[in-house]
Amino acid sequence: MKERQIRQKMVQKLVKTHKIKSQEELLGYLQREGFLVTQATLSRDLKTLKVGKVSDGQGAYIYFLPGEEAREIEGAYIQDFLKGYISIEWSGNTVIVKTYSGHSDPVSLALDNLNFEEVLGTIAGRDNTVAVFLRQGVSGEDFMKRLKQSIPELDT
């Protein structure tokens, strides 16, 4: 039992200090720290610790721990949104976010990962537009109120 707790603490430390993309990579780090563990055991540890995966914003996914790390990641998505958007307009339950050239993907990813219940999904244009589709009964005004709650520094 004690060995498992020590191993799980090491898993937490490694996830906090490295951008780990796969269980194989994490197994390598554990082995370098002197832990010989199977993939199945590591998988159980990750489930017990509630380790999740989140986009790193560059096309890959990395492990993260619940709690503080999730808030830090949310902050990064908010910054991506603020850096990339120019304006927001809506008609009915469709919102169009105009972005700076090349920022449609990060802005769309930010909106997706902020997990607004009001949003069904987003589609990033090739370069400078994001279409946001809202749930039935949710207006553009409702979405903007929610967005400003999450991003108080939003200037529209």
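## Salt bridges

At 25% relative accessibility, R146 counts as partly exposed. This value, like the others in this report, comes from a predicted model. The side chain of R146 meets that of E118 in a salt bridge, with 3.8 Å from N to O. The two partners come from distant parts of the chain: R146 belongs to helix α6 (residues 140–150), while E118 sits in the loop between α5 (104–113) and β5 (119–124), and 28 residues separate them. E118 has 18% relative accessibility, so E118 counts as buried, the cut-off for buried being under 20%.

How many salt bridges does the structure hold? There are 2. Besides R146 and E118, D45 and R7 join their side chains in a salt bridge at 2.5 Å, N to O. Here too distant parts of the chain are linked, since D45 lies in helix α3 (residues 39–48) and R7 in helix α1 (residues 2–17), 38 residues apart. Are D45 and R7 buried or exposed? D45 is buried because its relative accessibility is 2%, and R7 is buried as well, at 10%.

## Aromatic pairs

Have a look at the rings next. A pair of aromatic rings is described by the distance of the centres and the angle of the planes. The structure holds 2 such aromatic pairs. F81 and Y85 make a stacked pair, with 5.1 Å from centre to centre and 20° between the planes. Both of these residues are buried.

What is the arrangement of the rings of F116 and F143? Their planes stand at 90° and their centres are 6.1 Å apart, so this pair is edge-to-face. The pair links distant parts of the chain, with F116 in the loop between α5 and β5 and F143 in helix α6, 27 residues apart. Both F116 and F143 are buried.

Helix α6 also holds M144. With 6% relative accessibility, M144 counts as buried. Between the C-alpha atoms of M144 and G59 there are 28 Å, and the two residues are 85 apart along the chain.

## Charges over rings

Two tyrosines have a charged residue over the ring face. R32 lies over the face of Y29, at 4.8 Å from the ring centre. For Y63, the residue over the face is K53, at 4.9 Å from the ring centre.

## Positive phi in two loops

Now for the backbone. K50 is not a glycine, yet it has a positive phi of about 60°. Where is K50 found? The loop between α3 and β1 (52–55) holds this residue. K50 is exposed, because its relative accessibility is 64%.

N115 likewise has a positive phi, of about 55°, without being a glycine. This residue is found in the loop between α5 and β5, the loop that also holds F116 and E118. At 59% relative accessibility, N115 counts as exposed, whereas F116 and E118 are buried.

## A nonpolar patch on the surface

Which residues form a nonpolar patch on the surface? They are L120, I123 and F133, and together they have about 290 Å² of accessible area. F133 belongs to strand β6 (residues 129–134). With 31% relative accessibility, F133 counts as partly exposed, and patches are made of residues with over 30%, so F133 passes that cut-off.

Key:
Residues are numbered from 1 along each chain as its sequence is written. This is a predicted model: local features need pLDDT of at least 70, side-chain atom pairs count only at pLDDT 80 or more; totals for chains, interfaces and linings use all residues. Side-chain values use heavy atoms; hydrogens and water are left out. A salt bridge is a side-chain nitrogen of Lys or Arg within 4 Å of a carboxyl oxygen of Asp or Glu. Helices (H or I, at least four residues) and strands (E, at least two) are DSSP runs, numbered from the N terminus. Buried means under 20% relative accessible area, exposed over 50%, partly exposed in between (1.4 Å probe, protein chains only). Patches are made of residues with over 30% relative accessible area and no salt bridge: like charges are joined within 9 Å, nonpolar side chains (Val, Leu, Ile, Met, Phe, Trp, Tyr) within 5 Å. Accessible areas come from the Shrake-Rupley method with a 1.4 Å probe; for residues, only the protein chains shown count as cover. Rings of Phe, Tyr and Trp (its six-membered ring) pair if their centres lie within 6.5 Å; planes under 30 degrees apart count as stacked, over 60 as edge-to-face and the rest as tilted. A charge sits over a ring if NZ of Lys or CZ of Arg is within 6 Å of the ring centre and within 35 degrees of the ring normal.
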